[in-house]
Amino acid sequence: MNGQKFLTAVIFAALTLAVSSQAFAQADIIEKRQAAMKSNNANAKAIKAAIETKDYATVETKAKDIMGTADRIPSLFPKGSTTGKTKAKPEIWEKPDDFAKNAKNLNKAAGELASAAKAGNDADVNVKVKALGEVCNSCHKEFRADKYSE
């Protein structure tokens, strides 16, 4: 009888540990993707400020930072990472190809902005920064909820 209680306790502890590990891993990936998106937001704000002062070296650098984040976006949304404090909509996992395409579009738009900034072309920089904003807004409209789930 004591052996059976011990075995039950061991199984319960193992299951609890497995569930806890999965919850912590999910919280970790959500924190990573939120940090990436906050970084993109900070870079976008820095780009806006740099354009106002025609600091195109900063525009180029920050646009390249966004490109780096864009490359990582699909991997920051693994299947099943839907629970916890997140604004990620189920459409991310229902339409993964569309979601990945949005990340590629972000990379492309940021790259075009970086190139325009490197060339120092005022008109082109203004067109490309607008295009970058449109890519961000398009993805957020389709794949990001207004409020956190929980």
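The dialogue below sets values against definitions.

Tutor: This is a predicted model, in which local features need pLDDT of at least 70 and side-chain atom pairs count only at pLDDT 80 or more, while totals for chains, interfaces and linings use all residues. Residues are numbered from 1 along each chain as its sequence is written, and side-chain values use heavy atoms, with hydrogens and water left out.

Student: Why is Glu-60 called buried?

Tutor: Buried means under 20% relative accessible area (exposed is over 50%, partly exposed in between, with a 1.4 Å probe and protein chains only). Glu-60 has a relative accessible area of 16%, so Glu-60 is buried. Glu-60 is placed in helix 2, residues 56-72; helices are DSSP runs of H or I with at least four residues, strands are runs of E with at least two, and both are numbered from the N terminus.

Student: Leaving aside neighbours within four places in sequence, what is Glu-60 in contact with?

Tutor: Contact means heavy atoms within 4.5 Å. Beyond those neighbours, Glu-60 is in contact with Ala-114, Ala-117 and Lys-118. Among the buried residues of helix 4 are Ala-114 and Ala-117.

Student: What follows helix 4?

Tutor: Gly-120 follows helix 4, and the phi of Gly-120 is positive, near 70 degrees.
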